[in-house]
Structure formats: C-alpha cells, structure tokens
Amino acid sequence: MYNVSLITGDGIGPELSESVVTILKTIHDKLDLKFSIKRLEAGDKALKNTGKALPDETMSAIKNSQVCLKAPVGESAADVIVVLRRALDLYANIRPAKSYPHMPALREDIDMVIVRENTEDLYTGQEFLIDNAAVAMRIISEPASKRIAKYAFETAQNRNLQKKVTCVHKSNVMRVTDGLFSKACAEVAKDYPDVTFEQMYVDACAMNLIRQPELFDVIVTTNLFGDILSDESSQVVGGLGMAPAANIGDDFALFEPVHGAAFDIAGKNIANPSSFILSMRMMLDWLSQKYNDEKCRQVGDTLEKTVYDVVKDGIKTKDIGGDKTTEEFTKEIVSRLV
Ligand code: NAI
C-alpha cells in the first residue's frame with residue numbers, strides 16, 4: 001500500500017484531483033495496486049481559510065506520505081510549490097514534451113524532456129529595493145549545477161533515444177552565473193562519453209523548439225529558463241492540458257501538471273485532466289524505481305497507453321479540439337482500464 005498525499009489546489013485543481021482520485025481508486029480496486037490517498041489543502045483557499053498558503057498540517061502530512069500529487073494552485077503558487085521544492089530538496093524538475101495523436105500541435109513526432117534545476121536561480125525569492133531600484137539575487141552553485149547535470153545525463157541514458165543532452169544558458173551575457181552552470185555541465189559530461197553533449201543559448205533554444213524540435217532529447221537548464229521553455233515545448237506538442245511534471249529529490253518526489261489553476265475555465269467541467277493523469281503516470285514510474293515494484297511500472301505503462309488510445313480515438317476535451325467534459329474523459333479512461 002502506497003500512502004499518497006494529494007493537494008487539491010485552486011481553480012481547476014479540485015476537478016483534476018477528482019479525476020485522478022477516480023483513476024487511482026480504479027487502479028486500487030481492479031488492478032490490484034493499493035493506494036491510500038489523503039486530500040490536503042494548500043494555495044489561495046488555504047490562505048483565506050487558515051492564513052497560510054501552505055498550512056503546517058499539510059506540510060507534516062506530506063512529510064508522512066511516500067509521495068505527493070499536487071494539483072495547481074493560484075496566486076499563492078510561490079508560497080506553496082517553490083517552498084515545497086526547497087523544503088523537500090526536490091532538485092530536479094522533469095517536464096516531458098511528448099507527441100500524442102491528433103493534437104492541435106505544431107509537430108506530431110516529438111519526444112523530449114526538460115530537466116530544470118529546481119532550487120536556485122532567481123526563484124530563491126531574494127529580492128529587495130535599494131532606493132528606486134529593485135534588485136534580485138541570482139544564485140547558481142556548482143554542487144546544484146553538477147547534481148542536475150548528472151540527473152540529465154542519466155535521464156538521457158535511461159531514455160535510450162538520441163542519447164543527447166543540450167545544456168541551455170545565456171553565458172555570453174551572464175558570464176559568472178551561467179558561465180558556472182555551463183562549465184559544471186561540461187565537466188559532468190566527461191563522465192558520460194556515450195551521451196552527446198551540446199550547449200545552446202536560451203534565445204536560440206526558444207527558436208529551435210519551434211523550428212527544429214526534433215533536434216532535442218534532454219535539455220538541462222536553470223530554474224527560470226526551464227520554467228519558460230517547458231511551457232513553450234508543451235505547446236509544440238499540443239498544449240498545457242497534456243503537460244505533466246515531476247519534482248524529484250533523493251528521497252521524495254512530488255508530481256503536478258506544468259500549468260496553473262486556469263481560473264478562466266474553473267468549475268466548468270471542461271479542463272483536460274491528462275496533465276494530472278500523466279503526472280500520476282510519472283509517479284508510478286518513480287515508485288516502481290524507488291521500491292523496485294514491477295507492478296507500478298506495468299500499471300504506469302497501461303495508464304499512458306490508455307490516454308494515448310483515448311485521444312487517438314478522438315475522445316478529447318475542448319483544449320485539444322474535442323467536446324468531452326472532464327468527467328466524460330475520465331470515465332472513458334476508467335472504462336478502458338478495467
Ligand atoms: P494557466 O497555466 O493556469 O493557464 C494558461 C491557459 O491554459 C489558460 O487559458 C487555461 O485555461 C489553459 N489551461 C491550463 N491548463 C489547462 C487544462 N488542464 N485544460 C485546459 N486548458 C488548460 O496560467 P495562468 O492563467 O497564467 O495562471 C493561473 C494561476 O495559476 C495564477 O494564479 C498562477 O499563479 C497559478 N500558477 C500555479 C502554478 C502551480 O501551482 N504550480 C504554476 C503556474 C501558474
């Protein structure tokens with residue numbers, strides 16, 4: 001039995017959470033892989049109700065669980081996810097961009113992953129005012145850069161596709177910070193002679209993601225660049241509704257969609273739950289590796305194939321060109337899982 005903590009979030013978060021709970025319950029009942037799910041509050045609603053975006057009870061419940069699923073939260077995101085990433089040392093943010101059939105996508109043959117450093121850069125929140133100037137501290141350390149580079153090279157080896165790592169930065173301008181990042185990645189590359197290593201400036205990368213996305217296998221980059229480039233890469237393959245993410249540390253992991261609370265469509269039963277379902281698929285993969293559990297891997301593969309088949313059969317939510325509701329899409333997945 002795996003203990004899963006679930007932050008239900010804001011905006012479309014609760015709708016996506018119900019979808020994921022329905023699917024996890026189906027897996028529990030019919031596929032003989034057991035889960036206990038604890039729903040938790042965090043985000044704008046929690047801030048309003050308790051005065052804290054990340055209440056202490058939520059934090060301790062997460063620490064007592066084996067893994068966390070997090071639906072998107074709203075304006076308080078920095079006080080929830082950025083804090084969790086740092087508090088739990090979830091240093092690797094993994095954001096795959098993979099083609100699914102019949103998407104409103106720029107390309108239909110893409111399979112890449114962005115490995116984003118998750119604990120440093122401008123996201124440490126060290127900003128202050130000096131007279132009439134606003135200053136932000138950008139911290140890039142050698143240990144964190146080497147740690148994320150190692151993760152990227154291992155990802156390229158495990159994926160066994162192009163076996164290529166592209167290190168993305170802007171060291172021609174930010175010579176000290178990105179210079180260090182680039183050098184650290186190049187040093188780690190020497191330990192992986194079977195993986196091709198290349199470097200690219202972030203502006204060129206933003207262009208190439210549109211122009212030649214098939215060139216990419218694994219991109220490794222700093223926190224802010226990774227945040228922006230992963231929204232772009234998700235759009236190349238069909239949009240945020242299909243974009244999952246993982247936040248991984250040495251002992252714990254948290255899985256969440258790339259997107260935010262999407263207040264514009266909240267409560268309408270039209271959100272695409274695939275982003276969260278595919279995040280759960282990444283969770284199953286992580287559990288399978290951590291606990292050496294073959295069943296988790298099999299169920300994860302089945303789940304992803306089911307999403308693939310469902311959209312291939314034209315059963316889709318509005319954002320990807322269909323007319324199904326969140327609930328109808330979820331029911332279709334459930335009916336095919338059993
Ligand atoms: P957003 O990612 O929530 O939405 C951008 C666009 O994509 C919207 O038009 C939305 O309707 C659409 N979209 C997103 N997910 C979708 C899905 N599953 N199905 C169908 N359409 C979907 O970005 P936005 O509007 O900039 O941010 C909204 C709120 O989310 C903000 O308060 C922001 O702070 C928060 N946020 C939270 C994050 C987190 O919890 N990790 C990450 C990013 C933003």
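Colleague: How many helices and strands does the secondary structure of the chain come to?
Modeller: This is a predicted model, where local features need pLDDT of at least 70, side-chain atom pairs count only at pLDDT 80 or more, and totals for chains, interfaces and linings use all residues. Residues are numbered from 1 along each chain as its sequence is written, and side-chain values use heavy atoms, leaving out hydrogens and water. Taking DSSP runs, with helices as H or I of at least four residues and strands as E of at least two, the chain has 11 helices and 12 strands.

Colleague: What is the radius of gyration of the chain?
Modeller: For 338 residues the globule rule gives 20 Å; that rule is 2.2 Å times the number of residues to the power 0.38, and the radius is taken over C-alpha atoms. The chain comes close to this, so it is as compact as a globular protein of that length, with a radius of gyration of 19 Å.

Colleague: Which share of the contacts with a separation of 6 or more comes from residues 24 or more positions apart?
Modeller: Happy to say: a contact means heavy atoms within 4.5 Å. On that basis, residues 24 or more positions apart account for 74%.

Colleague: Which cysteine sulfur is nearest to that of C185?
Modeller: A disulfide is a pair of cysteine sulfur atoms within 2.5 Å, and the structure holds 0 of them. C185 is in no disulfide, and at 3.7 Å its nearest cysteine sulfur is that of C167.

Colleague: Is C185 buried or exposed?
Modeller: Buried means under 20% relative accessible area, exposed over 50%, and partly exposed in between, with a 1.4 Å probe and protein chains only. C185 has 0% relative accessibility, so it counts as buried.
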